[in-house]
Amino acid sequence: MSKKPSKIKMLHIKPMLTLSFYNEYQKKILDEYKFDNAIRELTGFYETSNVNQFLRFEDFSFENKKNPQITGHLFMLKGLLAHYSTIDNFNKLNNLDAVLKVIENSPLKFHFVIFIYGDLKTFVFKYKFILLHKNSVEYNLNDYDDKIPNDEIKKIIEENEEKNKNVVNQDFYFADNDKKTIILKDFTSKINKIPDLINNCLFSNNNDKIETIVLEKTEGKYLSLFISEVKLKKISETFDNLKSSINELELFTTDLKQMFNPESIAENAVDLNINLMKWRMCPNLDTQLIKEKKYLLIGSGTLGCHVSRCLLGWGARHITMVDNGKVSYSNPVRQSLYNFKDSTRIEDNFKALIAAEKLKEIFPMADAKGYNLNIPLPGRTLIDDNAKQEYYKNLELLENLIKEHDIVFLLTDSRESRWYPTVIGKAYNKLVITAAIGFDSFLVMRHGNNENKLGCYFCTDIVTPTDTSGSRTLDQQCTISRPGVSMLCSGMALELAMSCLNSPLNKGNDDGDVPHQIRGNLIEFAVHQYRFNFNKNCVACSDNMMKEYKENREKFTLNVMNDPYYIEKTCGVHELISDIKIEETNEGDDF
Ligand SMILES: [Zn+2]
């Protein structure tokens with residue numbers, strides 16, 4: 001005995017546009033539709049689930065033929081795609097009459113229309129979907145049951161199953177020559193639910209003699225609907241329905257920026273790389289912190305180029321390059337951000353600006369900026385008002401940049417150009433990393449801060465930095481070093497910074513195991529670590545210097561330039577060195 005379902009519920013069909021569909025649609029816009037509105041045939045694949053019924057659209061929905069990739073439990077439904085070239089056209093559904101004309105010419109062929117617009121710059125797609133003959137058939141439902149159909153119908157179903165084993169199923173077929181029984185596949189496992197697609201099938205058949213609809217459900221279940229007084233509406237009524245409901249159609253919006261924008265793809269891929277380090281190697285790595293911190297690179301030469309590239313590798317976003325030089329013909333072979341063409345742009349090839357441009361070319365999501373800035377050098381007498389103005393302007397910019405950033409890398413090629421950034425960095429308690437290279441050796445260190453009281457780059461000597469660059473001979477104006485040394489040094493400097501960021505040091509506690517100073521050389525291929533406290537007479541970071549800089553800034557900034565003994569007197573080494581004859585050394589190394 002069959003058990004009657006308690007209540008029959010109509011399930012509404014919904015469109016499902018897959019990623020492959022959007023991908024193909026974009027290609028069609030670019031290669032075929034271009035600037036025109038377009039009306040094309042489109043195939044939807046009807047599938048059901050327990051909850052919803054979907055008409056699925058794939059990349060091969062645009063092909064006007066069966067796709068061998070699709071087999072099994074899917075129906076093909078023909079419909080139309082109405083593509084709009086502008087959002088304005090889409091909002092007004094401008095070519096509706098043209099769409100209706102296509103349907104009118106083959107009224108039984110098309111089941112649905114998708115009105116769609118795609119913005120290929122923002123990857124946002126808008127569309128509306130309408131099932132054409134949803135309300136075009138009326139009938140009385142006299143009875144229904146869920147018993148297995150009689151042997152004759154069962155045999156027909158089995159034969160059809162065998163015939164359509166490896167192709168897309170027909171949306172419906174008849175069990176008899178009189179076309180009184182129609183069989184429709186429906187994968188809804190719920191026995192008491194029927195798809196609203198039935199009306200479309202009945203209308204497409206253009207047959208008002210149907211008495212039985214057999215729904216083939218999953219798991220060998222069936223539902224037979226016994227109907228009478230089938231009434232098919234005229235196509236003109238369908239159009240009237242369509243026109244009146246068109247403004248009430250639901251608007252679907254799909255934002256695929258994350259999926260299609262190459263910049264977003266690159267960003268996700270970079271972040272994934274960093275996260276893999278975290279997931280696989282160091283679970284405590286704070287990747288978000290690295291991403292959020294702001295990095296200031298003073299010096300955009302060999303070291304600056306390498307460090308900035310390593311920063312990108314670590315997923316850093318905010319990178320500011322500073323330099324006062326231009327890209328020379330000798331630079332590109334060693335300075336990894338520049339190429340020969342940059343050397344030839346004589347008018348505007350400022351290193352820092354080009355470096356920032358290049359970082360964005362490598363990784364468009366990088367927030368890279370460049371500043372062409374002369375770092376004020378202590379001891380350079382301010383000869384006139386112009387020099388004074390220039391000095392204060394540069395100093396203010398330098399101070400602001402250091403204040404705005406979290407980590408400052410000192411990567412210039414002279415000792416004195418590191419002095420002001422060291423003073424300001426200490427005054428604002430920033431993490432300052434110094435990197436310096438000689439011919440076959442290098443030095444990398446982090447400057448001490450208010451908590452750990454470690455020394456700075458200047459703590460180990462008592463020589464006041466003075467302007468030496470002006471008197472340099474040609475061979476002293478650029479650092480002569482083995483090319484690999486700069487890479488070792490830059491890599492070490494960046495890794496030291498990353499270790500600091502991920503150590504308790506960053507949280508203001510203790511130092512953890514992060515090295516303070518690293519010296520390496522290629523004579524023995526050796527690397528050594530050193531650790532020392534800050535020197536109370538340091539010419540850059542001592543308390544007296546900090547006090548003077550913070551409390552008597554005007555006097556400090558002026559005297560630093562014009563009084564050759566001011567720094568020594570302030571930090572208290574003047575007496576110490578006045579009796580010591582310091583030999584002039586000029587070995588080329590800055591450490
Ligand atoms: Zn110091």
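Modeller: Start with Ser336, which touches Cys305, His306 and Arg309 when residues up to four places away in sequence are left out. Two residues are in contact if their C-beta atoms, placed from the backbone, lie within 7 Å. This is a predicted model, in which local features need pLDDT of at least 70 and side-chain atom pairs count only at pLDDT 80 or more, while totals for chains, interfaces and linings use all residues. Residues are numbered from 1 along each chain as its sequence is written.

Biologist: Where is Ser336 placed?

Modeller: Ser336 sits in the loop between strand S16 (318–323) and helix H11 (340–344). Helices (H or I, at least four residues) and strands (E, at least two) are DSSP runs, numbered from the N terminus. Ser336 and Cys305 are 31 residues apart in sequence, yet their C-alpha atoms are 5.6 Å apart.

Biologist: Why does Ser336 count as partly exposed?

Modeller: A residue is buried if 20 or more other C-beta atoms lie within 10 Å of its own, exposed if 12 or fewer, and partly exposed in between, with C-beta atoms placed from the backbone. Ser336 has 19 C-beta neighbours inside 10 Å, so it counts as partly exposed. Of the chain's 591 residues, 36% count as buried.

Biologist: How do I read a nonpolar core?

Modeller: In soluble globular proteins, nonpolar side chains tend to be buried together. A nonpolar core here is a set of buried Ala, Val, Leu, Ile, Met, Phe, Trp, Tyr and Cys residues joined through C-beta atoms within 7 Å. The largest one has 79 residues, of which Leu297, Phe409, Val444, Cys489 and Ala493 touch the most other members. Helix H15 (residues 483–501) supplies the largest share of this core, 9 residues. Neighbours within four places in sequence aside, Ala493 is in contact with Val307, Phe409, Ile433, Ala435 and Val444. Another core, of 52 residues, lies apart from it, with Phe57, Ile116, Ile213 and Leu215 among its members.

Biologist: And sheets? What is the strand order in the open sheet of 5 strands?

Modeller: Strands of a sheet pair through backbone hydrogen bonds, either parallel or antiparallel. Two strands pair if DSSP finds at least two bridges between them. The order in this open sheet is S8-S13-S12-S10-S9, and the pairing is mixed. Strand S8 (137–145) and strand S9 (173–174) are its edges, each pairing on one side only. Strand S10 (residues 181–185) runs parallel to strand S12 (residues 212–216), and 5 bridges join them. Thr181 has Thr212 as its bridge partner in S12.

Biologist: Which strands lie in a hairpin, and how many residues are between them?

Modeller: S21 and S22 form a hairpin with 4 residues between them, and Phe525 in the turn has a positive phi of about 55°. Strand S21 (residues 517–521) pairs with S22 in the antiparallel sense over 5 bridges. Strand S22 (residues 526–530) lies largely in the open, because 0 of its 5 residues are buried.

Biologist: How do I check a helix?

Modeller: Its expected span is 1.5 Å times one less than its number of residues. The 15 residues of helix H1 (residues 19–33) should therefore span 21 Å, and the end C-alpha atoms are 19 Å apart, which agrees. Phe21, Tyr22 and Tyr25 are the buried residues of H1. Their cover includes strand S2 (13–17), strand S4 (53–57), strand S6 (112–119) and strand S7 (124–131). After H1 comes Lys34, with a positive phi near 50°.
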